[in-house]
Amino acid sequence: MAKRTSRQSPEDQNILDKLRSFFGGMPPKGDPGRRKFHFSFWYFLMALLALSIIHDYFTASQIDTIPYSEFKRYVVEEKVQKLSLKPQQITGILKEDKQGRKDRPFVTVRVEDPELVKLLDAQKIDYKGHYESKWLAAVLSWVLPLVFFIIVWRFLIGRMAGGPQGVLSLGKARAKIYADREVGVTFKDVAGIDEARQELEEIVEFLKTPEKFTRLGGKIPKGVLLVGAPGTGKTLLAKAVAGESGVPFFSISGSEFVEMFVGVGAARVRDLFAQAKEQAPCIIFVDELDALGKARGMSPMGGHDEREQTLNQLLVEMDGFDATAGVIIMAATNRPEILDPALLRAGRFDRNVAIDRPDLRGREAILKVHTKEVKLGPDVDLAKVAALTPGFVGADLANLVNEAALLSARRDENSVGMAEFQDAIDRIIGGLEKKNRMMNEKEKHIVAYHESGHALVAMNVPTADPVNKVSIIPRGIAALGYTQQLPTEDRYLMTREELLDRLCVLLGGRVAEEIIFKDISTGAQNDLQRATDIARSMVTEYGMSEKLGLVTYTREKRPLFLNTGIAPAKEYSEKTAQEIDAEVSRLMEECHQRVRTILNEKREHLEIISQTLLEKETILGDELRELLG
């Protein structure tokens, strides 16, 4: 069941905080004492009980318990006064006990003795009887168990009904509701995706001034679908819309609708929309919509009835939703190709907002947002950092800034410098530096010539990206060295010549080993795999083979933003498959021979780079170009 937020005045909020603190509640969010010890009503009860036990203990220790025979002896000796005769015991005061203490209270167990009263009368001792009523004990004997049973029953029912995992709350939507002040995100926190931001700024206007659009007969969009790769800022954009518009924000994941019980998902959808209508105007945000909205009938094993029933209920709720109610449904997914077409039609999700990876300027803007609270050194150039991070999304850049700050703190620096950003980039791309991994001299020479081959070929093919760094320091799990290239600008298309040059760069390390050592190692495994993928894509997807012509041989719909690593099913004959394999081999062999020619001609440069790497272990791009003139 979603919590509802309400607004209180500062005085009311202060009173509520004090009451919450007294009765064991946590302090409000943002209180520095939130995790510290606080006074609780239960602690008060425990202290009171402890004091009562201590009091009873010390009080009981002051009352002497004596045998009945000794009591009768005291009576005969006239050492007893003010007796109280009870059915089970006798209490009174001793004038003087064995130790000579006077006026000491005592108690003894009463024994059936008919002569006791006569003895007391004979000794002229003042005594009185005490009558104990049994009705209270009789009532408590059945009232207390009944009260205990009622309390336990109500506790169990409350846990079942109101708890987040309660059986009776299965049909309640588990969306979290944030008030406008709790979201804490605005469009100032969003950078690098200006086009998507402009689309959603219009949604904010719909929520703030709906009459501006409805007076001309327009209708507020019912739904907005945010589509993009993981980490591009889809959830952040949705929160920014809620923070800017100042309306309640319902947040729920698509996987939270479906349970093992039949009908629970549909019930939660109904409950979510019922709550939204009560809180209107508001925003419903469904994250990972593909978990709920997968196209019906896609699974080869048959449909999942419960998931499809939940999806059907969502379609009905969105279709029958009043557009003037001020409730906008936002959803995010990175698998738009598997969503049900009925979910994407106009009238449900009216707008599809594509959030692409940020370009160079976008990455710089994102870095400025994430470095607001970071103390940067004077040598830091965010434009250069943005150029060093092609393909990074917002989440990657946030991680980069954090890693750089942690490295500076580890080195006891007063600010985050450019060196820390460089090391953080290397750590994210290549993995953790393994300086303790010891290689023998032969392996070190192989790695040095291998990386030198990559770098030298990259510098001698016309369309390759410039070399930024060459290193033989092991990183990650299996990388014994790496050659880093950085594009000079953002590219969205690649020509056939550029792909062939990229193939040559990937084969440069393997060919260098062949030329220098007359042998080959397993270090080129990843290079060969990537090169084969490029060559096969050129033949089967891009139509770049003169022999096979302008035909594509992959028809399976692949994920737009995710790389599943699953090869598409073959939809061509065995003869065509053989021709494809032959063409891929031809492309690889042509690039192989081309690389051999380059490295044989530049053998002297290959030796220079390798020897420098063996001495310094790392060469930057400018140093490399200066080294080779």
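This is a predicted model: local features need pLDDT of at least 70, side-chain atom pairs count only at pLDDT 80 or more; totals for chains, interfaces and linings use all residues.

**Aromatic pairs**

I started with tyrosine 68 and phenylalanine 71, and both are buried (under 20% relative accessible area; exposed is over 50%, partly exposed in between, with a 1.4 Å probe and protein chains only). Numbering runs from 1 along each chain as its sequence is written, and side-chain values use heavy atoms, with hydrogens and water left out.

I found four aromatic pairs in the structure; the rings that count are those of Phe, Tyr and Trp (its six-membered ring), with centres within 6.5 Å, and planes under 30 degrees apart are stacked, over 60 edge-to-face and the rest tilted. One of them is tyrosine 68 with phenylalanine 71, a tilted pair at 5.7 Å centre to centre and 45 degrees between the planes. Both residues sit in helix α3 (residues 68-76), three residues apart, so about one helical turn separates them. Helices here are DSSP runs of H or I with at least four residues, strands are runs of E with at least two, and both are numbered from the N terminus. I also noted that ring pairs link Tyr68, Phe71 and Phe106 into a cluster.

Next I looked up tyrosine 449 and phenylalanine 517: their ring centres are 5.5 Å apart with planes at 90 degrees, so I logged the pair as edge-to-face. Tyrosine 449 belongs to helix α17 (residues 441-458) and phenylalanine 517 to helix α18 (residues 496-517), so the pair ties together parts 68 residues apart in sequence. Tyrosine 449 is buried at 6% relative accessible area, whereas phenylalanine 517 is partly exposed at 30%.

**Glutamine 484**

I then checked glutamine 484, which is in strand β13 (residues 482-485). Its relative accessibility is 8%, so I put it down as buried. Its side chain makes a polar contact of 2.5 Å with that of asparagine 468 and another of 3.5 Å with that of aspartate 426. For a polar contact I need a pair of N or O atoms within 3.5 Å; within protein, one must be able to donate a hydrogen and the other to accept it, and residues adjacent in sequence count only if both atoms are side-chain atoms.

**Tryptophan 142**

Last, I went to tryptophan 142 in helix α5 (residues 135-162). With a relative accessible area of 55%, tryptophan 142 is exposed.
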